[in-house]
Structure formats: C-alpha cells, structure tokens
Amino acid sequence: MQQIDETRLNALMGRLVGEFGALASAPLVILGDRLGLYKAMAGAGPMTADGLGEKTGLRVRYAREWLNAQAASGFVEYDPVAETYALSPEAAMVLAEPDSPAFMIGGFEVLSAMFQDLDKVQKAFTDGTGLGWHEHSACLFSGTERFFLAGYNANLEPSWIPAFDGMAERLRAGAHVADVGCGFGASTIVLAKAYPKSTFVGYDYHEPSIATARERAREAGVADRVSFEVAGAKTYPGRGFDLVAFFDCLHDMGDPVGAAKHVRQTLAEDGIWMIVEPFANDRIEDNLNPVGRIYYSASTMVCTPCSLSQEVGLALGAQAGEKRLREVASDGGFGRFRRAAETPFNLVFEARL
Ligand SMILES: C[S@@+](CC[C@H](N)C(=O)[O-])C[C@H]1O[C@@H](n2cnc3c(N)ncnc32)[C@H](O)[C@@H]1O
C-alpha cells in the first residue's frame, strides 16, 4: 500500500470542509435573494433576528438560523454584545443590488441548475449524446441573465463598444444591430438604452427565452426599436447589419464556423462581428485558477453538452481561448481578428472581413 502523507491528507480535507461549507450555503444565498432578506438588510444598519423577521414578515426562528449561517459564511457581520447582524455596503453590492456591477446572485441560480440537471448530464457522459440549452432547468436562463447583466451594465457602453473603431459614433448616429444567441436580451436592452437612435434585433433558437426577452423590452420601454425573433445562428434573417454581436454563446454552438460564415453574409461591408467569450488563456495550465475553475465546471455541465447536442458538435468549451477563437473566425472567412477588450471574466473580440 502507498504511504499516506498525513499533512497532505489533512490539508486536502481542510480544504474540502471549506468547499462543502460553500456549497451548503449556496441554497441559503438563493433564499436570501428570493425572500428579500438581503434587500431588507441593505442600508439598514445592524439589526436583530427579530428585527429582520419583522421587516420581512418571515418567521424569526428561520431568520435567526439563516443569519447565523450568513455570519459563519462571512457575508454578514455579527455583534455578539448587541446580538445584531449587519450587511456591509460591499456585501449589499454583491448580494442585494441587481444593478450593481458586482452583483453575483445570478451565478448561484446557474449553480442550482447544474445540480438540478445532474442526472441529464450524467446520461450524456455515458451515452455520448448532448444536452441542449432548452433541456435545462429554467433557473439556468434567469441566472445567466442576472449574472451577465452586471457585466454588461458596467462594460458595454463605457469600454467595450468604444474599443471598436468608430462603432460608438455609428451607434450614436443610428446603426442596425443583431444580437445573436441573445437569451433574455440583457445585452440587447443595455445597448438599446445606451444608443436610442439605433435599432436592434435579438435572435435565439430557444423560444421561451425569446418570449421573456420581448417582455423585458416592453418593461424597459424600448420595444419600438428592439425586436426579438426565434432563429438559429446559421439561419437568422436580415442583412446589412453594422454590428453583429455574440455574447457568451459562440462556444455553446455546435457549428461556430458555420455561424461565422453566416455572420459574414449578414454584415454590412464595413460591419463588425463582436464576440464576447469567457476569459481564458490558450493553455490549460494557465486556466487553473478560480475563474477558470468556474468556467471549466459550467462548461462541463452546460456549454459542452449544448454544443454536442447540435449539428457538427465542435464543442469549443467555455475556455477556448483566443487562439482557438481566432481560428474559428478565420475559418469562417474573417480576415481581421483582434482582442479589443477584456475583464477578469470576459474576452471581447472584433472580427472584420
Ligand atoms: C450562455 S447563454 C447567453 C445568453 C445571452 N447572450 C447573454 O449573454 O445573456 C447562451 C445562449 O445561446 C443560445 N444558443 C445556443 N446555441 C444556439 C444556436 N445554434 N443558435 C442560436 N442561439 C443559440 C442559447 O439558447 C442561450 O440563450
């Protein structure tokens, strides 16, 4: 039998206790969101469990247990003398304010879908089939919208669009934009609000997402300039777009090269193909970090099975990296390709004919 190094064993077990705690507290984060607990604490200063129960109309005994778990997670601060709990302004940005650039609750909804769809992914592993986006639990769709919206609010108008030569001016003057694989239309609507003279059409093959996107456009008061249609990336209608954007969806597609070829057909002569993909380096060893860990995991459960469920099934994965993505654009007929911007979570590329 191999010799066991007790120090290494204890270190690994200690780490897994932390992991287990993080996962055990994940449903409580979702409860905190759904039941309005974080919102009730945001900006309210220190409060007792009774105070939180009263403010939310929830049973105090439940509120107290939830608060103790939040304090153990380090999400709220506990004062043992006053027996009060407080949500800091920073924690409020992450947990209570959907419009803040740091809001992270959507990621927990995605995590919930990953657990709920475990059996389906297990089946796909064993029989080699795929699992389409549409076959997942609904919290994946809403979680994706909420998780990405924060980044779109923070980056699209201030930094990503200005990184494309002349595009901000074109959008301000009135441009024609397609948002392909638009999901609930989060990016489409952020753009539409920023550039009121432009018109937008969002496409997605997933019908329920398109129905929600239409609702979102009505709620945002932009439905006169924003439409949403059910269509795949290789067949969507329309021509002469100044900008065709793919937000976090190219790697989910079975045939990204086929999609690239179609984009080429639908762009205006001097149009830009904007590709936003999860941040990744080209080499696996350079992605073995906390962000890469999240993306490789989501890619295993969602993105890779989605691509494998479609024609061609290229399965780029969510950590494709610039080199692979450049090849896709080049195979699709794009002569120019450059990294225009990046954040710790995103790579933003500009492709031109
Ligand atoms: C990770 S979600 C991103 C959604 C949205 N772009 C966003 O940023 O919130 C991927 C989206 O790609 C869509 N999708 C996947 N394959 C597609 C295809 N072949 N054609 C059109 N949409 C596709 C899915 O339905 C899903 O809405």
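The second largest pocket of this predicted model holds about 320 Å³ of space, where a pocket is an open set of points on a 1 Å grid over the protein atoms alone, reached by a 1.4 Å probe and having protein on both sides within 12 Å along at least five of seven lines. Its lining consists of 16 residues (an atom within 4 Å of a point), and those closest to the centre are Glu145, Leu149, Ile189, Lys193 and Arg216. Helices α8, α10 (186-194) and α11 (207-220) each give two or more residues to this lining, which by class has eight nonpolar, two polar and six charged residues.

Helix α8 (residues 138-160) also gives the largest share of the shell around the ligand, three residues. In total 19 residues surround the ligand (a heavy atom within 4 Å), with Tyr152, Gly181, Asp204, Phe247 and Gln310 the closest; ten are nonpolar, six polar and three charged.

Several polar contacts (N or O atoms within 3.5 Å) can be traced here. A polar side-chain atom of Asp204 lies 2.6 Å from a ligand oxygen atom, while a polar backbone atom of Gly181 is 2.6 Å from a ligand nitrogen atom, and a backbone N or O atom of Ala233 is 3.0 Å from a nitrogen atom of the ligand. Taken alone the ligand exposes 590 Å², of which the protein buries 95% (Shrake-Rupley method, 1.4 Å probe).

Residues are numbered from 1 along each chain as its sequence is written, and side-chain values use heavy atoms, without hydrogens and water. Local features need pLDDT of at least 70 and side-chain atom pairs count only at pLDDT 80 or more, whereas totals for chains, interfaces and linings use all residues.

Technical notes
A polar contact is a pair of N or O atoms within 3.5 Å; within protein, one must be able to donate a hydrogen and the other to accept it, and residues adjacent in sequence count only if both atoms are side-chain atoms. Helices (H or I, at least four residues) and strands (E, at least two) are DSSP runs, numbered from the N terminus. Ala, Val, Leu, Ile, Met, Phe, Trp, Tyr, Cys and Pro count as nonpolar, Asp, Glu, Lys and Arg as charged, and the others, Gly among them, as polar. Grid points are joined across faces, edges and corners, and a volume is the space filled by probe spheres set on the points.
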